[in-house]
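Here are my quick notes for someone opening this entry for the first time. Have a look at the picture, then read the points in order.

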There are 2 protein chains.
Amino acid sequence: MPTPARTSTEAIVDAGRQILEDRGLEALTMQSVARAVGVRPPSLYKHLRGRDDLVRRIATRAAEELGAHLEGAVQGRDPDADLAALAAAYRSFALANPRAYALLFAPGPDDWRIDAELNVRLSTPLLATAERLAGPSDALSAARTAVAWAHGFVSMELAGAFRLGGDVEAAFSYGVRRLIAAVDARPSSPAGI
Amino acid sequence: MPTPARTSTEAIVDAGRQILEDRGLEALTMQSVARAVGVRPPSLYKHLRGRDDLVRRIATRAAEELGAHLEGAVQGRDPDADLAALAAAYRSFALANPRAYALLFAPGPDDWRIDAELNVRLSTPLLATAERLAGPSDALSAARTAVAWAHGFVSMELAGAFRLGGDVEAAFSYGVRRLIAAVDARPSSPAGI
DNA sequence: ACCTGAACACCGTTCAAGT
DNA sequence: ACCTGAACACCGTTCAAGT
């Protein structure tokens with residue numbers, strides 16, 4: 001006789017993400033998640049393929065949120081202002097969701113990787129802005145330069161890797177400014193005069 | 001009665017690093033390492049505090065090698081050539097030692113982090129080059145911009161995160177060129193003329 | 001002084017049995 | 001159709017006992 005589900009994939013992923021952010025990836029066990037949603041560990045396998053599947057779903061949800069966050073940041077006027085806004089939005093998301101963010105580029109099992117379609121969505125706002133700033137032929141390289149810098153900066157910041165003192169905030173705004181100038185190839189830009 | 005050691009910390013770290021690079025962090029277990037050096041798992045605790053300690057020692061050794069690699073890359077003539085050489089050396093080390101490299105900025109337990117002194121040594125070649133290129137007041141921010149970009153680029157490359165096609169090699173050399181121009185503040189540089 | 005088997009507390013996962 | 005206890009194969013780690 002059918003019995004109603006006592007939990008759901010949605011609730012499981014929510015609980016898992018909370019545990020991840022609160023206590024770290026090590027603490028994200030099938031036991032801790034099961035306890036959080038009020039079932040026994042074996043029941044989780046009716047909703048997920050296993051722990052790797054859970055981690056991938058958490059990463060996917062975080063990537064979707066980051067995508068929406070980035071889409072909300074572009075205004076569509078000055079591409080240099082848009083690139084600065086994208087960088088700030090990127091960093092603010094990472095600082096607000098450090099452990100879920102770390103999952104996005106984690107060198108984990110392939111099962112953790114977000115799918116190609118979502119990757120495209122994640123790239124689109126930056127790629128469009130980079131094209132307006134650097135021109136069509138350099139758009140992809142410019143976007144890669146920008147995202148590499150942004151990801152490197154926030155992942156080092158989150159890892160506590162800026163350990164020589166100084167002002168990390170200042171280094172971020174310095175980086176944004178220099179990066180924008182570096183990829184700006186518009187005829188009207190200072191470098192072109 | 002004392003019995004001679006059948007293995008050594010050195011041999012254990014060597015074996016651990018090999019396993020890490022060959023089969024990944026998951027496969028780096030006390031059992032696999034013990035088997036590789038020819039003892040039983042409990043014996044490892046006479047040489048290490050535990051698995052976290054082993055991982056930290058592997059990361060430390062990799063960081064020392066990376067430091068030497070970077071020190072060997074600077075020529076001390078043109079700072080722009082030095083920065084390009086540092087970027088290339090950084091990337092070549094990461095591509096040759098992907099899993100050990102990933103450990104360096106991994107968001108793992110604090111026990112994994114390399115010590116402050118080694119961090120200074122790791123930073124020195126870049127910081128000196130950045131100072132010659134960007135001037136004393138911007139040296140730290142310029143160095144952070146450069147290392148953020150380099151780390152972000154190689155970690156995304158290693159994670160397989162550049163998935164939109166195009167030429168990753170071209171994106172790297174584009175990034176190096178633009179980054180150098182961006183932080184170059186020398187009076188004789190084009191931007192200053 | 002180092003190595004070992006046995007033991008402990010934990011993991012992820014499977015599966016037959018319950019409702 | 002979902003949930004559960006019991007079981008299995010693994011893990012890191014501890015410790016008394018061996019040499």
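1. Start with Tyr45(B): a polar atom of its side chain sits 2.9 Å from a phosphate oxygen of DNA strand D. That is a polar contact, meaning a pair of N or O atoms within 3.5 Å. Keep in mind that this is a predicted model, where local features need pLDDT of at least 70, side-chain atom pairs count only at pLDDT 80 or more, and totals for chains, interfaces and linings use all residues. Residues are numbered from 1 along each chain as its sequence is written, chains are lettered from A in the order in which they are written, and side-chain values use heavy atoms, without hydrogens and water.

2. A polar backbone atom of Arg40(A) is 2.9 Å from a phosphate oxygen of DNA strand D, and a side-chain N or O atom of His47(A) is 3.1 Å from one.

3. In total, 21 residues surround DNA strand D (a heavy atom within 4 Å of it).

4. How are the two protein chains related? A 180 degree rotation with 0.0 Å of shift along its axis puts chain B on chain A, with RMSD 0.0 Å (least squares on C-alpha atoms of residues with pLDDT of at least 70 in both). The copies are thus related as by a two-fold rotation axis.

Methods. A polar contact is a pair of N or O atoms within 3.5 Å; within protein, one must be able to donate a hydrogen and the other to accept it, and residues adjacent in sequence count only if both atoms are side-chain atoms.
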